[in-house]
Number of protein chains: 2
Amino acid sequence: MSQPAHQFIEQNRERFLEELKEFIRIPSISTLPENQGDIQRAARFVGERLTGAGMENVEVIPTGSHPLVYADWLHAPGKPTVLCYGHYDVQPPDPVEEWVSPPFEPTLRDGNLYARGAVDDKGQLYAHIKAVEALRAVNGSLPVNLKFLIEGEEEVGGASISKYVPQNPEKLKADVALVSDTALYAEGMPTLCIGLRGLVYMEIEATGPSRDLHSGLYGGAAPNPIFGLVELLSKAKNSRGVIQIPGIYDDVEPPAPAELESWTSLPFNEKEFLKKEVGASKLTGEPGRSVLERVWARPTLEVHGIAGGFTGAGAKTVIPAKATAKVSIRLVPRQDPEKVIAAVREFVRKKTPKGIRTEVRVLSAAPGVLVNPDHPAVHVAAKVFGEVFGRPTVFIRSGGSIPIVGEFAKHLGIPTVLMGFGLPDDGLHSPNEKFRLENFYLGIKTVSSFLEEYGQNR
Amino acid sequence: MSQPAHQFIEQNRERFLEELKEFIRIPSISTLPENQGDIQRAARFVGERLTGAGMENVEVIPTGSHPLVYADWLHAPGKPTVLCYGHYDVQPPDPVEEWVSPPFEPTLRDGNLYARGAVDDKGQLYAHIKAVEALRAVNGSLPVNLKFLIEGEEEVGGASISKYVPQNPEKLKADVALVSDTALYAEGMPTLCIGLRGLVYMEIEATGPSRDLHSGLYGGAAPNPIFGLVELLSKAKNSRGVIQIPGIYDDVEPPAPAELESWTSLPFNEKEFLKKEVGASKLTGEPGRSVLERVWARPTLEVHGIAGGFTGAGAKTVIPAKATAKVSIRLVPRQDPEKVIAAVREFVRKKTPKGIRTEVRVLSAAPGVLVNPDHPAVHVAAKVFGEVFGRPTVFIRSGGSIPIVGEFAKHLGIPTVLMGFGLPDDGLHSPNEKFRLENFYLGIKTVSSFLEEYGQNR
């Protein structure tokens, strides 16, 4: 552990916080047209701070949409190269009236910094930059070769970066990527996420009559596309949560017994999860598997939205001409999105009820990712994370998807260390988003130690 | 047949048409706040024309919403009393750009009068008034006692009249009601509708998590209310169109063999019905029953609308907190709406999937209606209808619902003669609504003859 770097971080707590606040005050909401100027300001801010930390070749790269920011420092011959990723854009703050303090005026309360973007992802991205600054300040150089690739479209689909990465494999070449956009499993518990589910997101449209029909005059003879969708979807998953689409489970690899075993020691309380997080009367899902296995390591089918016919107040007796459902399948590592899409198309083709036509439109497809826990970078990350936090690092997975991790794997051939410093209750995308301030500093220390030890590792 | 009355009608063709045009030019759209003045004008117009035709005690009755118009003529002691019903309100003309001539400027083309309200129901209501005028003109009196009750809310649910009828059974006392708001089965074919389906209209709301959840983090463990609804609805009707709710078919009486037999002689062409009217690839519904039986004489379950979760453009990976479906069951005569509602509630209660809560809200409930074809008024109607049109009257049913018919039966204890002069392709509620002009005159003649012969009948 680099005591000098950590001391530097301690000595600069106030300044680092003020700088982070300045970053957060830029309302770089990626989805709103009126914030496009703020998006540009935030990109420039990131570029300037990377320069200030000693990074070189800093570029604010125009795209068809929001700029990417690139920087590198490549003066450690023989040392590995780390590619740091983060995003400077944020979600809209709505509903604004639910915020205790204004969303873009970062405010400290009870050791937490409250603001939109505090933890997702400005605070965590800034921790990377400050770790670099600290290492440069105390050593005059960096222990590894370093590249930064920061985007401004993470909250709106990340289209520009997913074009940029495959077009620039040489420029982005690295041994490992480092992403801080996840959370500790629980307060004070150093956590590495080594598995993410993939996602195939589809729209299924069912059409029946050529126009909306009067249900009195045609009910009993005309096919109803809402019922068509209902019938189709009810056959796609049974009431126990098991997907009924043939072939879906073919390539699903169960987690290793040791990994499954390690999850049982996590402080997971099913009753609290049901009551405080889900808020329903019961949990559902495949029988005989734990909640964590179901959510982290099993494919699942969900309907995210369904729309058709008359949905206003009151009554209208129509048999609608069409109905649409937004459907996704979460994938676990080794499942091929294309194979899953083909299975869905075949299922829909076979099971579409009489009189109904269906169309499956694929909106996105990304595979699941599993990081090899024996990769040297993961070893080092686990070690320093545990040292900085003072207790052993746990390995978890996430049921969600971070598409950039799959793209780094696919186009650069590198694993990603998912080393996040948020907390499960930080309220990402919600009012009163926060970042535990101490985790900001612990994050800077952990990242600086990671870079130092990973540099010594080879 | 009253040759004098028919001659009077022939001699006044031009004037009757000009008066009808004046009525149609009032854009009495019941659903739009900006047309409230027109609603009042249309109600006054009806009242004035009833007075002009010789009706007495004309009242424009204020309600909480749109006025009712009442009138009577009760100087035929010993003769039966006929209650004429119609409505002066119309549907909005949208989409206006699809009209060939302006919706509220009645225009003659190819023997049809094109305008919003031409057939639904201004033209048919006006035929009643002109029949009265003709009879008074040639006889100096009327052959029966007559009452008119005209509403201005038919297109928006008819709330005021359904309050007024049960509150005024003495005032409205009659032997039979006469309604001209239906259509001939085919051009030139005199048609009496003797059966209507009833309707129970419900909203089923399913709730699961206490808030929208991230499908990556909770998918596989959190119950999804869209899937809950899908599962429930898929169990309510099988893929062959048979309702699976226990007890639903208990009180369903099959049509008499003679009635079923008579339907086979109607000029119904299943291929044309599928192609021109439904526009789907296939028809659906209970096997072993004809289309007309399925649509006219069988209960059916439809979903009119479904909504839940994210339905905008693109992708959002949410497990929604709730989902709602608008569901109706069409009832055939003898089915008790309350019994059907209880069966639905019980079914929903039993079949609601684990983790989901459901609520059934009943928006409306009306029984089916069957008019006894042996009632003297129906006999007379069939006879004169056939004489005026020059071919035998056919008896049909309709799969739709006309709630006022059930209310006259329930609160006044009288049957309704459904004697309509529209055509199936008149485009009710659509752009370019029309009324075949000759059917306007034939309607006036048929109604005048009906009143005359029904007066002689007792």
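Which residues of α1(A) meet α4(A), and which residues of α4(A) do they meet? In the predicted model, P4(A), A5(A), F8(A) and I9(A) are the α1(A) residues involved, and their partners in α4(A) are A134(A), L135(A), A137(A) and V138(A). Helix α1 of chain A spans residues 3-11, and its axis lies 9 Å from that of α4(A), the two helices packing at an angle of about 120°. The crossing of this pair is right-handed.

A further helix of chain A, α2 (residues 13-24), also packs against α4(A): the two axes come within 10 Å and cross at roughly 135°. Because of this angle, α2(A) is classed as oblique to α4(A). On the α2(A) side the contact is formed by F16(A), L20(A), F23(A) and I24(A), and on the α4(A) side by A118(A), K122(A), G123(A), Y126(A) and K130(A). The crossing of α2(A) with α4(A) is right-handed. Helix α4 of chain A also includes D121(A), and the peptide bond leading from D120(A) to D121(A) is cis, with omega near 5°.

In soluble globular proteins, nonpolar side chains tend to be buried together. The largest nonpolar core in the model comprises 94 residues, and V82(A), L192(A) and A381(A) have the most contacts inside it. Helix α4 of chain A, residues 118-139, supplies the largest share of this core, with 10 residues. Another core, apart from the largest one, contains 93 residues, including I26(B), V369(B), F421(B) and F450(B). When neighbours within four places in sequence are set aside, the contacts of V82(A) are V144(A), L146(A), A174(A), D175(A), V176(A), L178(A), L451(A) and Y454(A).

Chain A also contains an open sheet of three strands, arranged in the order β4-β5-β18 with antiparallel pairing. The edges are formed by β4 (107-109) and β18 (434-436), each of which pairs on one side only. On average, neighbouring strands of the sheet are turned by 30° against each other, direction being ignored. Strand β5 of chain A, residues 112-114, is joined to β18(A) by three bridges, and the two strands run antiparallel. Within this pairing, Y114(A) is placed opposite K434(A) of β18(A). Helix α4(A) packs on the sheet through β5 and β18 of chain A, and the direction of α4(A) makes about 45° with that of β18(A). Helix α14 of chain A (residues 437-457) packs on the sheet as well, touching β4, β5 and β18; the direction of α14(A) makes about 60° with that of β18(A).

Several backbone features were also identified. A cis peptide bond with omega of about -5° joins D94(A) to P95(A). P95(A) is situated in the loop between β3 (81-87) and β4 of chain A. Positive phi values in residues other than glycine include that of N57(A), which is near 50°. N57(A) belongs to strand β1 of chain A, residues 56-61, and is counted as partly exposed because 13 C-beta neighbours lie inside 10 Å. In chain B, D110(B) is not a glycine, yet has a positive phi of about 50°. D110(B) is placed in the loop between β4 (107-109) and β5 (112-114) of chain B, and counts as exposed because it has 8 C-beta neighbours inside 10 Å.

T317(B) is located in the loop between β11 (300-309) and β12 (318-319) of chain B. Neighbours within four places in sequence being left aside, T317(B) is in contact with H304(A) and S328(A) of chain A and with H214(B), S215(B) and G216(B) of chain B. The C-alpha atom of T317(B) is separated by 27 Å from that of V360(B), a residue 43 residues apart from T317(B) along the chain.

Terms used: Residues are numbered from 1 along each chain as its sequence is written. Chains are lettered from A and ligands numbered from 1 in the order in which they are written. This is a predicted model: local features need pLDDT of at least 70, side-chain atom pairs count only at pLDDT 80 or more; totals for chains, interfaces and linings use all residues. A nonpolar core is a set of buried Ala, Val, Leu, Ile, Met, Phe, Trp, Tyr and Cys residues joined through C-beta atoms within 7 Å. A residue is buried if 20 or more other C-beta atoms lie within 10 Å of its own, exposed if 12 or fewer, and partly exposed in between; C-beta atoms are placed from the backbone. Helices (H or I, at least four residues) and strands (E, at least two) are DSSP runs, numbered from the N terminus. Two residues are in contact if their C-beta atoms, placed from the backbone, lie within 7 Å. Two strands pair if DSSP finds at least two bridges between them. Axes are lines fitted to C-alpha atoms, for helices over the stretch in contact, and angles run from 0 to 180 degrees between N-to-C directions. Angles under 35 degrees count as roughly parallel, over 145 as roughly antiparallel, 65 to 115 as roughly perpendicular and the rest as oblique. A crossing is left-handed if the near helix is turned anticlockwise from the far one by less than a right angle, and right-handed if clockwise.
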